[in-house]
Amino acid sequence: MTDLMPASGSFGPDRIHRLPVRVYYEDTDFSGIVYHARYLHFFERGRTESLRAIGIHHSELAAADEPLAFAVRRMNVEFEKAARVDDVLVVETLYRPQKGARLMIDQRIRRGPETIAGAQVQAVCIDGTGRAKRPPRSMAERWASFVLPADADWPSV
């Protein structure tokens with residue numbers, strides 16, 4: 001048997017990380033439409049897998065001599081269309097320039113060319129006591145080449 005790995009998505013030359021996800025029955029409400037809170041799960045998977053693609057792993061951050069983690073401080077979500085059971089969606093994650101301990105992240109969930117939902121996320125790097133802390137220089141340098149310039153818009157699809 002070969003080693004199986006879960007889907008991790010990848011970054012494109014446009015600096016967008018794309019993670020394919022399928023909508024399962026458990027993601028839906030009684031009508032077969034994705035339950036609104038499940039979109040938060042899809043967004044979280046996109047952020048986690050994009051960081052993993054950069055080489056930043058939550059388990060390693062937590063196990064470090066000076067443990068770090070990320071916490072969502074603010075999230076604005078716009079629901080555009082409904083997704084349904086068996087839909088194949090793509091979670092797109094785009095990093096904006098950081099501000100101190102804050103990571104600025106834009107995300108959207110697409111079904112083909114349609115935007116299903118979009119989110120603007122502000123995450124904060126925190127230490128083991130829960131206090132905001134600037135990410136180490138080595139971490140900031142890892143994601144620097146994946147950050148879209150502050151004045152740039154989402155690249156076209």
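The model is predicted, so to speak of local features a pLDDT of at least 70 is needed, and side-chain atom pairs count only at pLDDT 80 or more, while totals for chains, interfaces and linings use all residues. Residues are numbered from 1 along each chain as its sequence is written, and side-chain values use heavy atoms, with hydrogens and water left out.

**Strand β6.** Select residues 114-127, which form β6. Strands are DSSP runs of E with at least two residues, helices runs of H or I with at least four, numbered from the N terminus. Ten of the 14 residues of β6 are buried, so the strand is largely enclosed by the rest of the structure. Buried means under 20% relative accessible area (1.4 Å probe, protein chains only).

**Its partners.** Strands pair if DSSP finds at least two bridges between them. Look for Leu 68 opposite Asp 127. Two residues separate β5 and β6 in a hairpin, and Gly 112 in the turn has a positive phi of about 60°.

Helix α3 (137-144) is one of the elements giving two or more residues to the lining, and its three residues are the largest share.

Terms used. Buried < 20%, exposed > 50% of the residue type's maximum accessible area, 1.4 Å probe, protein only.
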